[in-house]
Amino acid sequence: MQVLEHEPYLQVTWRDTVTSARGYVVIDQLVTGIATGGLRMRPGCTLNEVTELAREMTLKMGAFGIHVGGAKGGIDFDSTDPRAEEVRERFLEAVRPLLERFWVTAGDLGTQQEQLDRAFSRVGIGENSFHAAVVRAPAADEVSARIRHAFTAETEGLKLSELVGGYGVAEAALAALEHRGIAAGSARAVLQGFGAMGGSTARYLDRAGVKVVGITDAQGLIRNTERGLDVDLLLAARSPGGLIDRSVLRADDEELPGDSWLDQDVDLLVPAAVSYTITAENCDRIRGSIIAEAANVPTTPEAEQRLLERGVTVVPDFIANTGAAAGAWWVILGEVVSPGGACSRLSDEIRPLVRGLMSRADRTGTSMRTAGVLFARENSQRMIREYGEAVAYRDLYPATPQGQPFIEPDGPAIVELAEPVQPVQPVRHEEPAPFAPTAAPASGAGGHFAETAGYNPPNGAYTAAVELSDSGREPAAACPAYWPGPADPAGEQL
């Protein structure tokens, strides 16, 4: 995975004095003095994992021009343990100064949004995990009401966090197919994973006319190459963990081993499960021409290079799966107020973005990921120059025209092939200016914040066992990435 060429702005390690839990916060980049990224909880969560995911959030915000930086939190603890909520609350209390002003978080792997909001309320930080953004609004009560409305309203029985991520993946995939001259009505697709992200992606691809011929869950691949799968039937038979009840399968639906999704004769593959599922060892089996990454980092760098050499386009995760993050921030900033509005806005932005990045990649002979990283870096630098980094030159909210939100009527969000639009303007050919160096945090002592260049603790020292880690970087670890499941063993990320 290619990452931004700068050290994380801040890394924090927390140790729970009651259990064996350890927790981490990484602020990779501040823009307007704020950063965003979810809080996960899983056994074996590491600082390196959280660091890589924080960088992904910086890329996501940069690619979509949202003027906040990237961050992430993680707790090394079993989310099914009866003590999990208490551990989560102690962690939030320990990193409270960040949550009050700098870090906007949300649900993620092992943390449901409802659990997180409840923990914020119990700790006394605010009524939801978007607190650091809400308190900066000119009218905080209006922003809170808008968030409550948008995240409780349903479209076709799905809440915003459950549908917009997969909707964005479908829109990115449709734009890539169109750019390659493949009509949606003639395209064939297979998806790995059928949780909230994979399920909603399948739903909207199917609505657009793509024939979904294969879907995998933990029990294997279900395939129908002749007439395609009945996606609505399988969604209705899906468990909260994303397992499909095989008793509903039609007579001509086939069951195959799970890894056989790789070598299906299709136009589009959508990995929507875990990280590093497409590797140098198995990528030669792939016969499709486009991969749209719904999971975080499902393709290893070695595999992506080999696929590029074969002419396979990989639409990278930080472009394809940013719908949940972008949708949440458009709601916070007042640019949309409903799931339908978020989907319409996402379609308007992601289709030309995908086409523009594919054009740049084709022109320069690079991968779409490389083109996207350069584009995100340029956007991040532009936003830092315009809005400020640790110190905001412009406030978070006035940058958005108030009183003129981007609103679409609530109602079914149907993916359709959009009318051709002009692609995004190509970014400059010269190498963008490097990120301004940020001093690495000094090691903390006695559970207190240490002095860090450009950073002043908002509320003094921590009272919990918190230490600042050194900012040494390591290659991305092969660890499970965010994969939202319905009823959330996985939750939604921001």
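Buried means under 20% relative accessible area, exposed means over 50%, and partly exposed lies in between (1.4 Å probe, protein chains only). The legends below use these terms. This is a predicted model, in which local features need pLDDT of at least 70 and side-chain atom pairs count only at pLDDT 80 or more, while totals for chains, interfaces and linings use all residues. Residues are numbered from 1 along each chain as its sequence is written, and side-chain values use heavy atoms, with hydrogens and water left out.

**View 1. The salt bridge between R223 and E254**. The two side chains meet at 3.1 Å, N to O; a salt bridge is a side-chain nitrogen of Lys or Arg within 4 Å of a carboxyl oxygen of Asp or Glu. The pair links distant parts of the chain, with R223 in strand β11 (residues 220-223) and E254 in strand β12 (residues 254-256), 31 residues apart. Helices (H or I, at least four residues) and strands (E, at least two) are DSSP runs, numbered from the N terminus. R223 counts as buried at 19% relative accessibility, whereas E254 is partly exposed at 30%.

**View 2. The salt bridge between R118 and E85**. The N to O distance is 2.9 Å. R118 belongs to helix α4 (residues 113-123) and E85 to helix α2 (residues 84-94), 33 residues apart. Both partners are partly exposed: R118 has a relative accessible area of 32%, and E85 has 24%.

**View 3. The salt bridge between D265 and R287**. Here the side chains meet at 3.8 Å, N to O. D265 sits in the loop between β12 and β13 (268-271), and R287 in the loop between β13 and β14, 22 residues apart. D265 is partly exposed at 49%, while R287 is exposed at 52%. Elsewhere, salt bridges that share partners join R40, R42, E49, K72 and D108 into one network. The count for the model is 34 salt bridges.

**View 4. T32, a residue with positive phi**. Most residues other than glycine have a negative phi. The phi of T32 is about 60 degrees, although T32 is not a glycine. T32 is found in the loop between β2 (22-27) and β3 (35-36), and is buried at 0% relative accessibility.

**View 5. V297, with a positive phi in a residue other than glycine**. The phi of V297 is near 50 degrees. V297 lies in the loop between β14 (290-292) and α10 (301-309). Its relative accessible area of 5% makes V297 buried.
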